[in-house]
Structures are given as structure tokens and as C-alpha cells.
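Morning, everyone. Please look at the screen while I talk you through one structure.

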Amino acid sequence: MAKINDCDIPEDLYYDGEHDVWVRFEGDTFVVGMTDIGQSLAGRFLYAHVKGAGKHVEAGKSIATVESSKWVGPVRTPVAGEIIAVNEKVEEDPSLINKSPYNDGWIARLKCDDMETAKAKLLTGKAAVEAYRKKIEREKIECKKI
């Protein structure tokens with residue numbers, strides 16, 4: 001795992017740097033969550049509502065609404081698919097996104113519409129780390145776990 005200004009960037013995940021979300025592909029499904037960078041910029045989360053299972057969501061559309069001490073807005077999926085599971089623990093305790101953005105703080109699991117297209121448009125590995133390094137340095141971001 002890469003670490004830049006205390007920001008964790010697991011190299012085995014896929015990233016949409018525009019919306020600061022990560023994707024973990026698992027078979028024909030994928031899990032979406034907010035990055036360490038995203039949770040640090042937002043501040044402590046106070047509220048989270050994830051759309052329900054069975055809902056189809058297009059790439060770039062919201063799978064959840066979150067509210068923090070600094071920000072209210074959507075969590076967007078970079079990959080199209082049908083929501084098959086939501087992290088109810090995040091709705092009960094939204095600060096899990098802050099405490100454990102890549103593990104306990106995941107947002108939703110979706111069944112992927114088109115795996116190859118999805119992977120092709122996201123960054124992973126060294127390319128993702130380098131893109132986030134530039135963003136972190138440019139915006140002077142320092143990550144903090146709440």
C-alpha cells in the first residue's frame with residue numbers, strides 16, 4: 001500500500017480520482033467506497049443513506065448520499081451495475097467511512113454491467129498512486145482518520 005501525506009492508497013484497487021471513490025472487483029461484482037483522500041477532505045461523516053438493493057445505477061450516478069461536518073453530497077459509482085448489497089453498518093455509523101475507508105467503510109456492492117469497459121476507464125496500481133500523488137501535492141491534502 002502506498003502512503004502519501006498519511007493518505008493510504010492501496011495499489012490493488014481501481015480508482016475514479018474525479019469523485020474520490022475506489023472499486024474492488026470480485027468476480028462479476030464490485031464494491032465501491034470513498035478513498036482516504038475523499039474522507040479526509042469531507043471531514044467526519046454524520047449521515048449516510050445508501051440506495052437500496054435491486055436499483056440499477058449508471059456510471060457517474062449516485063449510489064449514496066453522505067453528510068459530513070464540511071460537505072453534503074453524493075457518492076458516485078464510476079461503474080454501471082445493479083446494487084446487490086448495501087453496507088447497513090455505514091448507515092448506522094457513518095464515521096466508519098472515516099475510520100476504515102477501504103474495509104469496514106465500504107458503501108455498496110453492485111453486479112457489474114461491463115467489466116472490461118469499467119476496468120479500462122479507471123486507474124490502478126502505480127498509475128493511480130502517481131495521479132493521487134499529484135493531487136495530494138497540488139491541493140496540499142493531509143489525511144486523517146477520525
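I will take a sheet and then a pocket. Keep in mind that this is a predicted model.

Sheet to begin with. A general point: strands of a sheet pair through backbone hydrogen bonds, either parallel or antiparallel. Here we have an open sheet of three strands, in the order E6-E8-E9. The pairing is antiparallel. Which strands stand at the edges? They are E6, residues 45–50, and E9. Each has a single partner strand, so one side of each is left without a neighbour in the sheet. From one strand to the next, the twist averages 25°.

Now the pairs. E6 and E8 are joined by five bridges. Find His 49: opposite it, in E8, stands Thr 65. Next, E8, which covers residues 62–68, is joined to E9 by five bridges. Glu 67 faces Val 72 of E9 there, standing opposite it. How many residues does the hairpin from E8 to E9 pass through? Three.

On to the pocket. In general, rolling a probe the size of a water molecule over the atoms shows where empty space is left. The largest pocket holds about 200 Å³ of space. Its lining includes Glu 18, His 19, Asp 20, Met 34, Leu 41, Trp 71 and Arg 76. Which elements give two or more residues to that lining? Helix H1, residues 36–42, and strand E9, residues 72–76. So much for where; now the classes. The lining has seven nonpolar residues, two polar ones and three charged ones.

How values were computed
Residues numbered from 1 in each chain as written. Predicted model: local features only at pLDDT ≥ 70, side-chain atom pairs only at ≥ 80, totals over all residues. Heavy atoms only, no water. 1 Å grid on protein atoms, 1.4 Å probe; cavity = no way out; pocket = protein on both sides within 12 Å on 5 of 7 lines; lining within 4 Å. Points joined across faces, edges and corners; volume = space filled by probe spheres on them. Helix = DSSP H or I, 4+ residues; strand = E, 2+ residues; numbered from the N terminus. Nonpolar A, V, L, I, M, F, W, Y, C, P; charged D, E, K, R; others polar. Pairing = 2+ DSSP bridges. Axes fitted to C-alpha atoms, helices over the stretch in contact; angles between N-to-C directions.
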